[in-house]
Amino acid sequence: MSAVSHASYAPLAGKQLKVLVADDVAGNQMVMQAILARAGCSVVVVDNGAAAIAECARETFDVVLMDMRMPGMSGLDAVRAIRSEEQATGRARVPILMCSAAPEHAAEAGEAGADGYVTKPITPRGLIAQIATTLT
């Protein structure tokens, strides 16, 4: 079976995206990394908001998946900091998808500067569809 042969992965076929995953839970990291790798994406994983900010300043990503609630610095604060850095430096705006188990957090994520929202538990169909929608 090829990397994108399953219908859930079709929206990203041939795109070879570079994705940053910021989540403090190892199980969530592994699930997202497996889904994205199967879709042909290159994945960088960090476990906190400060590390996500540093990676976004250091590298260019096609999309960032940001957990909403992380210790130390929340995903909301990290998104705000990334957006501030983009404005201050003129760096291109990276699409950021906030990830949380509570759908009611979607509005708060948007207010912080996220471009979309993925509800946990993460599924291949849901994750890939939201990435494809955000990038179009």
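Where does M70 lie? M70 sits in the loop between strand 3 (63–67) and helix 3. The model is a predicted one.

The protein has five helices and five strands. Along the sequence they follow the pattern β-α-β-α-β-α-β-α-β-α. The radius of gyration is 14 Å, close to the 14 Å that the globule rule gives for 136 residues, so the protein is as compact as a globular protein of that length. Its C-alpha trace spans about 45 × 30 × 25 Å along the principal axes. Buried residues make up 46% of the 136 residues. Among contacts with a separation of 6 or more, 60% join residues 24 or more positions apart.

Now turn to a pair of helices. Two packed helices are described by the angle between their axes and the distance between the axes. Helix 2 covers residues 49–58, and helix 3 covers residues 75–89. Their packing angle is about 25°, and their axes are 9 Å apart. Angles under 35 degrees count as roughly parallel. Helix 2 and helix 3 are therefore roughly parallel to each other. The crossing of helix 2 past helix 3 is right-handed.

Which residues meet in this contact? Helix 2 brings G49, A52, I53, C56 and A57. Helix 3 brings A78, A81, I82 and E85. By class, the contact has seven nonpolar residues, one polar and one charged.

Is M70 buried or exposed? Its relative accessible area is 7%. Buried means under 20%, so M70 is buried. What does M70 touch, leaving out residues up to four places away in sequence? Its contacts are A22, D23, D24, D47, N48, G49 and G75. G49 also belongs to the helix 2 side of the contact with helix 3. D24 shows how the chain brings separated positions together: M70 and D24 are 46 residues apart in sequence, yet 5.9 Å apart in space, C-alpha to C-alpha.

E59 is placed in the loop between helix 2 and strand 3. E59 is buried, with a relative accessible area of 17%. Its contacts, leaving aside neighbours within four places in sequence, are K18 and R91.

Key:
Residues numbered from 1 in each chain as written. Predicted model: local features only at pLDDT ≥ 70, side-chain atom pairs only at ≥ 80, totals over all residues. Heavy atoms only, no water. Axes fitted to C-alpha atoms, helices over the stretch in contact; angles between N-to-C directions. Helix = DSSP H or I, 4+ residues; strand = E, 2+ residues; numbered from the N terminus. Parallel < 35°, antiparallel > 145°, perpendicular 65-115°, else oblique. Left-handed = near helix turned anticlockwise from the far one by under 90°. Contact = heavy atoms within 4.5 Å. Nonpolar A, V, L, I, M, F, W, Y, C, P; charged D, E, K, R; others polar. Rg over C-alpha atoms; globule rule 2.2 N^0.38 Å. Buried < 20%, exposed > 50% of the residue type's maximum accessible area, 1.4 Å probe, protein only.
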